[in-house]
Amino acid sequence: MSASAPDIRLLLAGFIAECAKPQISEVTPDEILASFETPKEEKFGELSTNYFLKAAKLARKSPRVLADELVKNMQASLPGSALAGRIAKFSVEGPGFIN
C-alpha cells in the first residue's frame with residue numbers, strides 16, 4: 001500500500017525536523033509542515049520549504065549554510081528512514097530553499 005500525499009508530507013516534516021535538531025532544537029514538524037509549498041518550476045521537485053530561511057537566525061548561520069548542512073544530514077539519514085525509496089533526493093536552491 002502506498003502512502004497518500006498528506007501521509008508523505010507528515011513523514012517528511014517529522015524527518016526534516018528530526019534532522020534539524022542538531023542545528024535548531026526548537027524546530028517542530030508542524031512548523032515544517034506549514035512551510036511546505038509546491039515549486040512553480042518542475043525542475044525544483046515536488047515540494048519545497050523556506051522554513052530555514054527564517055530559522056537561520058536561531059542557528060546563528062546564514063540560511064544557505066544551514067540548508068546545506070541540513071541537506072547533508074538528511075541525505076545521510078534517508079536510507080534508514082521510513083522515507084527510503086520514496087524520496088529521490090534533497091537539494092538546496094537559491095538563498096536556502098530546500099527542495
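# Pockets and helix packing

The second largest pocket has a volume of about 170 Å³ (a pocket being an open set of points on a 1 Å grid where a 1.4 Å probe fits, with protein on both sides within 12 Å along at least five of seven lines). The model is predicted, so that local features need pLDDT of at least 70 and side-chain atom pairs pLDDT 80 or more, while totals for chains, interfaces and linings use all residues. Residues are numbered from 1 along each chain, and side-chain values use heavy atoms, without hydrogens or water.

**Exercise 1.** Identify the residues that line the second largest pocket, and divide them by class.

*Solution.* 
1. The lining (residues with an atom within 4 Å of a point) consists of Glu37, Thr38, Pro39, Lys40, Glu41, Phe44, Ser48, Glu93, Phe97 and Asn99.
2. Three of these residues are nonpolar, three polar and four charged.

**Exercise 2.** Describe the largest pocket by volume, central residues and lining.

*Solution.* 
1. Its volume is about 500 Å³.
2. The lining comprises 22 residues, of which Gly45, Glu46, Leu47, Ile87 and Lys89 are the closest to the centre.
3. The classes are 11 nonpolar, five polar and six charged residues.

**Exercise 3.** Determine how helices α3 and α4 are packed, and which residues make the contact.

*Solution.* 
1. Helix α3 spans residues 51–59 and helix α4 residues 63–77 (helices are DSSP runs, H or I, of at least four residues).
2. Their axes lie 8 Å apart, at an angle of about 95 degrees.
3. The two helices are therefore roughly perpendicular (65 to 115 degrees).
4. Phe52, Leu53, Ala55, Ala56 and Ala59 of α3 meet Pro63, Leu66 and Leu70 of α4 (contact means heavy atoms within 4.5 Å).
5. The contact holds eight nonpolar residues, with no polar and no charged ones.

Methods: Axes are lines fitted to C-alpha atoms, for helices over the stretch in contact, and angles run from 0 to 180 degrees between N-to-C directions. Angles under 35 degrees count as roughly parallel, over 145 as roughly antiparallel, 65 to 115 as roughly perpendicular and the rest as oblique. Ala, Val, Leu, Ile, Met, Phe, Trp, Tyr, Cys and Pro count as nonpolar, Asp, Glu, Lys and Arg as charged, and the others, Gly among them, as polar. Grid points are joined across faces, edges and corners, and a volume is the space filled by probe spheres set on the points.
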